[in-house]
Amino acid sequence: QPQSPTSFLFFLLACLAVAMGVLIAQPPVQVAMKRAWDLEAQADAVEGPALPAARQVQASEREMVWDNVKGICVLLVVLIHTLRVFEQEVMAEGHFASGLIMPLLFVCMPAFTFVSGYLSSVATSRKKFVALLKMWAVFLLQQFVYALFWVWQGQSWGSLGQAAFSFWSQPIPGVTWFLLCLAVWRTALPLLDLLRWPVATALAVAVLSQLTDTGANAYVQPMLCFLPFFMAGYRTPKLWMKSFLTAPRRSLIRWAFLGLLVLCPTLSLLLPQVPGGQGLFDTVSRLTWSAYGCLYGGKIGSSLQQGGFSCYGPSGAAGTVAFFVASLPLLLAFLAAVPQRRVWLLTRAGAMSVYIYLFHIYFLVAGKAELLKVLFQSGHLDSFYLFLHSRLAVPACIALAASLWALLASGVIRPVCMPFVEIEMEVCLRQPSDADEEGKASRREA
């Protein structure tokens, strides 16, 4: 048994890496992963962490770009959630962690949402309507599973049947809100497509939502506040995006974006050493986190509001507009920095993004609970909290997030979790009759 929390944490990471290597090395797992990869390679681009629907076989560079985008975005999601699970320990340590995450806030979920809109189309066929119905079914099923997970965590089985089942509200908000947003956006897309200025209209709705009580709802608020990113992606011309990703200046944009990622944590360490610099960084960090929290609402929004910043009123409305305006150029720079070829593990992670996105939260929450239990029994809990305030805390969280991302990207959980994600609903659907086909033909003739 490890004698210190530090050695225990790195022992846990080493075991996770060894287990992943052993699983990947097994021939049955290799065959299952290859088959899963082949199925994913035949699917059309999934919108962010949405449903892995049937795709067309197309091994073009464009497909690799979007798989790589999804792989990087879901890695950022896992990283941010890993740091947030250890919120009081890591985020309170301050400057480096905040400087590391701040630029990622502008490209993580905004990029997921933007790419979702870019790869979306108005449902006009039975196949697309069935895929949309599956999206709704997966959201309801995943929300139910997450609610049961917290019943198991709290060992509150006795309350079932005696009190209202907590379907929507859990101690830690889950990730299913994005599935709900995608389902609503895709369902409403035929109506949104009729607008003359859809992006401006969606931004106006997001701003107005900050002046109402929708900020208290962790499902409605992000649905309205991330809608401008979705519509911006949807209205982006395919030819323009292709020329942007292949433009000669793409290399310059890539290096500028990567330089920004290095500059932000560097400034977070240097500014506090300059007279008056600490106050400047704290102000920028506070405004960024608060404006980001206003996009989510609910418990997340409340936990991210700092320094008296309120999402309700002009400050929340101004923060929403400022965040959208700042995100768009950073988002495009991020897309320019993404590799356009197949990258080992990264492209596979994009194909498996739905599984990584939906199930990483269970590993983080349950893993932390078990870790704290073991440390408490061994008498090392206080030392562990001291470790989380040390300089090794952030690197340890990054290593943990990367290991968890790589494990889930390998596809080892897909055979078990597939029934909860790739739902077969044909047996529940009415098959088209001859009368339906005749009606379609008559409408086309008319």
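**A predicted helical chain, with α11 in view**

Reader: How many of its residues does α11 have buried?
Author: Buried means under 20% relative accessible area, against over 50% for exposed and partly exposed in between, using a 1.4 Å probe and protein chains only. L227, P228, F229, F230, M231, A232, G233 and Y234 are the buried ones. That leaves α11 mostly covered, and the count is eight of its eight residues.

Reader: Happy to hear it, but what is the mean pLDDT of the protein chain?
Author: This is a predicted model, in which local features need pLDDT of at least 70 and side-chain atom pairs count only at pLDDT 80 or more, while totals for chains, interfaces and linings use all residues. Residues are numbered from 1 along each chain as its sequence is written, and side-chain values use heavy atoms, with hydrogens and water left out. pLDDT is the predictor's confidence in each residue, from 0 to 100. In the protein chain, 77% of the residues reach 70 or more, and the mean is 78.

Reader: What does the secondary structure of the protein chain come to?
Author: The chain has 446 residues, of which 49% count as buried. Taking contact to mean heavy atoms within 4.5 Å, among contacts between residues at least 6 apart in sequence, 81% join residues at least 24 apart. The secondary structure comes to zero strands and 22 helices.

Reader: Back to α11: how do α8 and α11 lie to each other, roughly parallel or oblique?
Author: Axes are lines fitted to C-alpha atoms, for helices over the stretch in contact, with angles from 0 to 180 degrees between N-to-C directions. The axes of α8 (residues 176–192) and α11 come within 12 Å and cross at roughly 55°. Angles under 35 degrees count as roughly parallel, over 145 as roughly antiparallel, 65 to 115 as roughly perpendicular and the rest as oblique. By that rule, α8 and α11 are therefore oblique.

Reader: How many charged residues does the contact of α8 with α11 have?
Author: From α8 come L182, W185, R186, L189 and L192, and from α11 come L227, F230, M231 and Y234. Ala, Val, Leu, Ile, Met, Phe, Trp, Tyr, Cys and Pro count as nonpolar, Asp, Glu, Lys and Arg as charged, and the others, Gly among them, as polar. The contact has eight nonpolar residues, no polar ones, and for charged the number is one.

Reader: And α6 with α8: is the crossing left-handed or right-handed?
Author: The axes of α6 and α8 come within 12 Å and cross at roughly 30°, so these two helices are roughly parallel. M109, F112, T113 and S116 in α6 meet W177, F178, L182 and W185 in α8. A crossing is left-handed if the near helix is turned anticlockwise from the far one by less than a right angle, and right-handed if clockwise. For α6 passing α8, the crossing is right-handed.

Reader: What is the relative accessibility of T113?
Author: T113 is in helix α6, residues 108–118, where eleven of the eleven residues are buried, so the helix is largely enclosed by the rest of the structure. Beyond its neighbours within four places in sequence, T113 is in contact with F178, W185, F226, F229 and F230. T113 counts as buried because its relative accessibility is 0%.

Conventions
Helix = DSSP H or I, 4+ residues; strand = E, 2+ residues; numbered from the N terminus.
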